[in-house]
Amino acid sequence: MTTRPFRILGLQQVAIGGPDKAPLRKLWVDVLGLEPHGTYRSERENVDEDIIVAGVGPFRVEVDLMQPVDPNGKPRVHDPALNHLGLWVDDLRAAVGWLEGQGVRFAPGGIRKGAAGFDVTFIHPKGNDQFPIGGEGVLIELVQAPPEVISAFDTLAKASAAHKP
């Protein structure tokens, strides 16, 4: 295996789906106290979502509360309920090229703008004959980290390394 030309910097989001996002919002916003941040709707992606956040600054994590625009349409954003995980990546294009070379299968659509405005792509939940490595049942979103996230990660990594015995 060759040297990885990218780093995974941390968790960017968790996407949770249900047939109706109102009960999800009651739990995550009203009861747990996460802050509403925005909304996103896409007929093509069959999703109507509320974007809420935990934490602050470059280390905040989105929790996307999703319901389908068409309950009978695809993709089925509410099944399974834990729809996908998003990971910050410091160099998305390098990551995709390298991962494909390792046999990782990506979902159709390529690199594109995601709901939060960052470039994203998805590792398919299942491998196939051509690309045998998938998410082992989990859809994984790779998200291009903005400069402030990369800088914060580098600062903390440097400080952590300085304190190791």
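**View 1. The largest pocket of the predicted model has a volume of about 830 Å³**. Rolling a probe the size of a water molecule over the atoms shows where empty space is left. On a 1 Å grid over the protein atoms alone, a pocket is an open set of points where a 1.4 Å probe fits, with protein on both sides within 12 Å along at least five of seven lines. Grid points are joined across faces, edges and corners, and the volume is the space filled by probe spheres set on the points. The lining counts 36 residues, each with an atom within 4 Å of a point. Pro 75, Asn 83, His 84, Phe 122 and Leu 139 lie nearest the pocket centre. Elements that give two or more residues to this lining are β1 (8-17), β3 (47-54), β4 (61-67), β5 (82-89), β6 (112-113), β7 (119-123) and β8 (139-144). Helices (H or I, at least four residues) and strands (E, at least two) are DSSP runs, numbered from the N terminus.

Residues are numbered from 1 along each chain as its sequence is written. In this predicted model, local features need pLDDT of at least 70, side-chain atom pairs count only at pLDDT 80 or more, totals for chains, interfaces and linings use all residues, and side-chain values use heavy atoms, with hydrogens and water left out.

**View 2. The pocket lining sorted by class has 18 nonpolar, 8 polar and 10 charged residues**. Ala, Val, Leu, Ile, Met, Phe, Trp, Tyr, Cys and Pro count as nonpolar. Asp, Glu, Lys and Arg count as charged, and the others, Gly among them, as polar.

**View 3. Helix α3 covers residues 147-162**. Its 16 residues reach 23 Å from first C-alpha to last, close to the 22 Å expected at 1.5 Å a residue. That expected span is 1.5 Å times one less than the number of residues. Val 149, Ile 150 and Ala 152 are the buried residues of α3. Seen down the axis, they fall within an arc of 165°, so they line one face of the helix. The arc is that of the directions from the helix axis to the C-beta atoms. Buried means under 20% relative accessible area, exposed over 50%, and partly exposed in between (1.4 Å probe, protein chains only). The buried residues of α3 pack against β1, β5 and β8, with contact meaning heavy atoms within 4.5 Å. On the other side, Pro 147, Thr 155, Lys 158 and Ala 162 are exposed.

**View 4. Phe 153 sits in helix α3**. At 24% relative accessibility, Phe 153 counts as partly exposed. Beyond its neighbours within four places in sequence, Phe 153 is in contact with Arg 7, Leu 9 and Phe 59. Pro 58 is 95 residues from Phe 153 in sequence, yet 8.5 Å away in space, C-alpha to C-alpha.

**View 5. Helix α1 (residues 21-31) buries Lys 21, Leu 24 and Val 29**. Down the axis of α1, these buried residues fall within an arc of 95°, so they line one face. They pack against β1, β2 (35-42), β3 and β4. The face turned away from them carries the exposed residues Pro 23, Lys 26, Asp 30 and Val 31.

**View 6. Gly 86 lies in strand β5**. Gly 86 is buried, with a relative accessible area of 0%. Leaving out neighbours within four places in sequence, Gly 86 contacts Gly 10, Leu 11, Gln 12, Gln 13 and Glu 141.
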